Amino acid sequence: MFRPPRDAENGDDGETNAAALLAVETESRIWDGFWTEDPERVARIDEYIEIAL
């Protein structure tokens, strides 16, 4: 999870600049995943991490 510094949280469009990499190790040292900058998806990933981990 990437969280920008507090003074840089909002971009020109007012949206957050946060990003998240969601990845799963499918085999030893083999990963499958994706990056997202979608604010809603990043927030949901962040909430899941807070609750589950």
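Author: Tyr48 is found in helix α1 (residues 39–52), where helices are DSSP runs of H or I with at least four residues, strands are runs of E with at least two, and both are numbered from the N terminus. This is a predicted model, in which local features need pLDDT of at least 70, side-chain atom pairs count only at pLDDT 80 or more, and totals for chains, interfaces and linings use all residues. Residues are numbered from 1 along each chain as its sequence is written, and side-chain values use heavy atoms, leaving out hydrogens and water.

Reader: Why is Tyr48 called exposed?

Author: Exposed means over 50% relative accessible area, buried under 20%, and partly exposed in between (1.4 Å probe, protein chains only). Tyr48 has a relative accessible area of 57%, so Tyr48 is exposed.

Reader: And why does Thr36 count as buried?

Author: Its relative accessibility is 7%, and the limit for buried is under 20%, so Thr36 is buried. Thr36 lies in strand β2 (residues 30–36).

Reader: Which residues is Thr36 in contact with, leaving aside its neighbours within four places in sequence?

Author: They are Ala19, Ala20, Arg41, Val42 and Ile45, contact meaning heavy atoms within 4.5 Å.

Reader: What makes the pair of Thr36 and Asp38 a polar contact?

Author: A polar atom of the Thr36 side chain lies 3.1 Å from the backbone nitrogen of Asp38. A polar contact is a pair of N or O atoms within 3.5 Å; within protein, one must be able to donate a hydrogen and the other to accept it, and residues adjacent in sequence count only if both atoms are side-chain atoms. The 3.1 Å distance is within 3.5 Å.
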